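Please look over the sequence and the model before reading on.

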Amino acid sequence: SIQAAADNLPTTAKSENRQQQLSSSNLDPNITNSLNNNSSWSVSQIETSNNFAPRSTFWHVLSNGLNYQIEHHLFPSLNHHHLSLIAPVVRECCEEYGVNYVSYKNFSEIWSATLNWLRVVAAEEEEEEECKTRGIEKPN
C-alpha cells in the first residue's frame with residue numbers, strides 16, 4: 001500500500017526536529033497526536049497539508065495542480081495532472097489507517113482556516129513575548 005511504501009523512507013534529523021517543534025506547540029490535536037505517536041513521514045506529510053477546491057478546474061489551472069497539496073507532498077515528482085487521479089486512493093488509504101485527510105471545498109474555506117491559524121500563531125507569539133518581558137517561563 002501507499003502507507004507501507006512511504007513508511008520505509010528514512011526519517012531525517014530535520015524532520016524529527018520539526019516534529020518536536022510541532023508537538024510542543026498548540027497545533028490541532030489531530031496533528032500533534034500523530035506526531036507525538038512517532039508517526040511516519042507519510043502521515044506527517046498528510047496531516048500537515050491541506051487540499052483545497054479539488055473539483056475546481058479554475059484553481060487546478062491557476063495553482064498548476066497544487067490545490068492537491070497532500071498528494072503533491074507524498075509524490076512531489078508526479079505530474080500535477082495526475083494528482084487528482086490519485087487523490088481518491090490516498091483519501092481511502094487515510095480512512096483505512098485513521099489518518100486525518102483535510103480537503104477544503106473551495107478557496108474561501110482554506111483562506112478562512114489560514115487566517116484563523118495565523119491568529120493562533122500570533123497569540124502564541126504575543127504570549128511568548130509577554131513571558132520574556134516579565135522574565136518568566138512560558139507554561140506548557
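How many residues does helix H7 have, and how far does helix H7 reach from its first C-alpha to its last? In this predicted model, helix H7 covers residues 83-97, which makes 15 residues. The reach from first to last C-alpha is 20 Å, close to the 21 Å expected at 1.5 Å a residue. Buried residues in H7 are Leu83, Ala87, Val90, Cys93 and Cys94. Just after H7 comes glycine 98, with a positive phi of about 70°.

Two of the buried residues of H7 are cysteines, Cys93 and Cys94. A disulfide requires two cysteine sulfur atoms within 2.5 Å. By this rule the count of disulfides is zero. Cysteine 93 is in no disulfide, and its nearest cysteine sulfur, that of cysteine 94, lies 6.0 Å away. Seen from cysteine 94, the closest cysteine sulfur is that of cysteine 93, and the 6.0 Å between them is too far for a bond.

The C-alpha of arginine 55 is separated by 7.9 Å from that of lysine 105, although the two residues are 50 residues apart along the chain.

| Residue | Relative accessibility | Class |
|---|---|---|
| Cysteine 93 | 12% | buried |
| Cysteine 94 | 3% | buried |
| Arginine 55 | 83% | exposed |

Arginine 55 counts as exposed because its relative accessibility of 83% is over the 50% cut-off.

Key:
Residues are numbered from 1 along each chain as its sequence is written. This is a predicted model: local features need pLDDT of at least 70, side-chain atom pairs count only at pLDDT 80 or more; totals for chains, interfaces and linings use all residues. Side-chain values use heavy atoms; hydrogens and water are left out. Buried means under 20% relative accessible area, exposed over 50%, partly exposed in between (1.4 Å probe, protein chains only). Helices (H or I, at least four residues) and strands (E, at least two) are DSSP runs, numbered from the N terminus. The expected span of a helix is 1.5 Å times one less than its number of residues.
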